[in-house]
Amino acid sequence: MDRTLRSGPFVGYRVYRVWHKAEGRWYAQLVKSETDRTTLQWARLMMSQRLGRRLGPNETVDHQDNNKTNDRHSNLQIMPRAENSSKGRAREPMTELQCACCGKIFMRATRDVRFRLCRGQQTFRCSKACAGWLGAGGTTGVVAGLISRMKQGSIPLARNP
Ligand SMILES: [Zn+2]
């Protein structure tokens, strides 16, 4: 079987399917010559072939069934990067935090909050703008409550991966 692409943005490239163990998904290795080669997620190759163009850095290919190994066309949809990551986040438990700078209440993935608390972070900021603020650095009420609940054991400490 000839595995050279005959159409689309990668025309002329030979395609090799490579299993990326750490990510648990298929990649495409595209080779035209010794120096002209590239690697991309199999799902991105599928989408590029469907659209007839390369994808931009802010376009991601979403697996509708959340199964990264299911690269069938019917399972793939293109979406802006931010939307895709918020879909991933939506399945995670979230924790409400109060910004140590502006006082705004905002949400962070509980996993991320635990990790940071375990590393000794005492305050959280809602945005990059607020993160630039160098204040007294005191523990906000919300975070103080979290730390005391963690010490009491009602919130499990993050385990080492
Ligand atoms: Zn803020």
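Residues are numbered from 1 along each chain as its sequence is written. Because the model is predicted, local features need pLDDT of at least 70 and side-chain atom pairs count only at pLDDT 80 or more, whereas totals for chains, interfaces and linings use all residues.

The protein chain contains 5 helices and 7 strands, where helices (H or I, at least four residues) and strands (E, at least two) are DSSP runs numbered from the N terminus. Along the sequence, these elements of the protein chain follow the pattern β-β-β-α-β-β-α-β-β-α-α-α. Of the 161 residues in the protein chain, 11% are buried; a residue is termed buried if 20 or more other C-beta atoms lie within 10 Å of its own, exposed if 12 or fewer do, and partly exposed in between, with C-beta atoms placed from the backbone. Among the contacts in the protein chain with a separation of 6 or more, 35% are accounted for by residues 24 or more positions apart, a contact being a pair of residues whose C-beta atoms, placed from the backbone, lie within 7 Å.

An open sheet of 3 strands has the order β1-β2-β3, and its pairing is antiparallel; two strands are taken to pair if DSSP finds at least two bridges between them. The edge strands, each of which pairs on one side only, are β1 (14-20) and β3 (37-41). Neighbouring strands of this sheet are turned by 25° against each other on average, direction ignored, where the axes are lines fitted to C-alpha atoms (for helices over the stretch in contact) and angles run from 0 to 180 degrees between N-to-C directions. Strand β1 is joined by 7 bridges to the antiparallel strand β2 (residues 25-31), and in this pairing Val-18 stands opposite Tyr-27, while Val-15 has Leu-30 as its bridge partner in β2. The hairpin formed by β1 and β2 has 4 residues between the strands, and Gly-24 in the turn has a positive phi of about 65°. Strands β2 and β3 pair in the antiparallel sense over 5 bridges, with Gln-29 standing opposite Thr-39 in β3, and these two strands form a hairpin with 5 residues between them.

Trp-26, which lies in strand β2, counts as partly exposed because it has 17 C-beta neighbours inside 10 Å. Its contacts, not counting residues up to four places away in sequence, are with Arg-17, Trp-19, Trp-42, Thr-69 and Asp-71. Trp-26 and Trp-42 are 16 residues apart in sequence, and their C-alpha atoms are 5.4 Å apart in space.

In helix α1 (residues 42-51), the buried residues are Trp-42, Ala-43, Leu-45, Met-47 and Ser-48, and the buried residues of α1 pack against β1, β2, β3, β4 (59-63) and β5 (76-80). The largest nonpolar core is made up of 6 residues, namely Ala-28, Trp-42, Ala-43, Leu-45, Met-47 and Val-61; α1 gives the most to this core, with 4 residues. Such a core is defined as a set of buried Ala, Val, Leu, Ile, Met, Phe, Trp, Tyr and Cys residues joined through C-beta atoms within 7 Å. With residues up to four places away in sequence left out, Met-47 touches Leu-55, Val-61, Leu-76 and Ile-78. Just after α1, Gly-52 takes a positive phi of about 75°.

Asn-66 has a positive phi of about 65° although it is not a glycine, and its place is in the loop between β4 and β5. With 11 other C-beta atoms within 10 Å, Asn-66 is exposed.

Strand β6 (residues 94-98) includes Glu-96 and is joined by 5 bridges to strand β7 (residues 105-109), the two running antiparallel. Leu-97 has Phe-106 as its bridge partner in β7. The hairpin of β6 and β7 has 6 residues between the strands, and in this hairpin Gly-103 takes a positive phi near 85°.

Terms used:
Contact = placed C-beta atoms within 7 Å.
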